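User: Please look at the structure below. I have some questions about it.

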Amino acid sequence: MKLDIHKNLEEKMNKTIDALKHEYTTIRAGRANAQMLDKVRVDYYGTLTPINQMAAISVPEPRTLMINPWDKSSMAEIEKAIRNSDLGLNPSNDGEVIRIAVPVLTEERRKELAKKAHKVSEDFKVRIRNERRDANDDLKKMEKDGELTEDELKKAQDEVQKITDKFIKEIESLALAKEKDIMEV
C-alpha cells in the first residue's frame, strides 16, 4: 500500500541523499575538484560571497585548481579567504589567475577527513530518521482522523520503515565510498 505520505517521504529522503552527495564533494580527497571551494566565503565589499559567484573555477590538472576572478581587484580577498579556510590550501596569485596546488594528504589528515566524512554521514542519518518520525506522526494523525484503520496504520508504518532502511543503507554505502576515496594514496 503506497500512500502519498510514502511518496513524499521518498522525495524528501532523495533530497537528503543529494544534499549528502554535495556535502561530500566539499570534503577534500587528495584530488582537485571545484566543489571543494563551495563553502569558502570571501568578504566582497562587505558581503560574504561564495567564490564560484566571483570567479570561474577550473581544474586544469588533477592536483591543480585555477581561479579566474571576474573582478581582478578581489584577488587578494579570495586568496585570504582560501588561506583562512580549513582546507589547508596555499593559493598563489600571478596577477591574472589564482592557482592552487592541491597537496598530497598526510596519513593524519586523511584520518581526520575520514572522521569528518563519517560525522557528516551520521548527521544525515539523523535527518533521515527525523523524516521517518514526521511521516509516522502524519500516519498516526490519519488513523486518529479515521482515514486509516489500525491494520492499515501498521502496514503503512512498516512501509515507512522499509523506505528508511533503504536510505540509511544508501548513506552507509556513500560514506564507505567517501572514506575509501579519502584513504586512497
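User: Is Q161 buried, partly exposed or exposed, and what is its relative accessible area?

Analyst: First, this is a predicted model, in which local features need pLDDT of at least 70, side-chain atom pairs count only at pLDDT 80 or more, and totals for chains, interfaces and linings use all residues. Residues are numbered from 1 along each chain as its sequence is written, and side-chain values use heavy atoms, with hydrogens and water left out. Buried means under 20% relative accessible area, exposed over 50%, and partly exposed in between (1.4 Å probe, protein chains only). Q161 therefore counts as partly exposed, at 30%.

User: Which helix holds D137?

Analyst: Helices are DSSP runs of H or I with at least four residues, numbered from the N terminus. The run covering residues 107-144 includes D137, and this is helix 3.

User: How are the rings of Y44 and Y45 arranged?

Analyst: Rings of Phe, Tyr and Trp (its six-membered ring) pair if their centres lie within 6.5 Å; planes under 30 degrees apart count as stacked, over 60 as edge-to-face and the rest as tilted. A search of the whole structure finds one aromatic pair. The ring centres of Y44 and Y45 are 4.8 Å apart and the planes meet at 65°, so the pair is edge-to-face.

User: Which charged residue sits over the ring of F124?

Analyst: A charge sits over a ring if NZ of Lys or CZ of Arg is within 6 Å of the ring centre and within 35 degrees of the ring normal. Here the charged end lies 4.1 Å from the centre of the F124 ring, and it belongs to R127.

Note on methods
Helix = DSSP H or I, 4+ residues; strand = E, 2+ residues; numbered from the N terminus.
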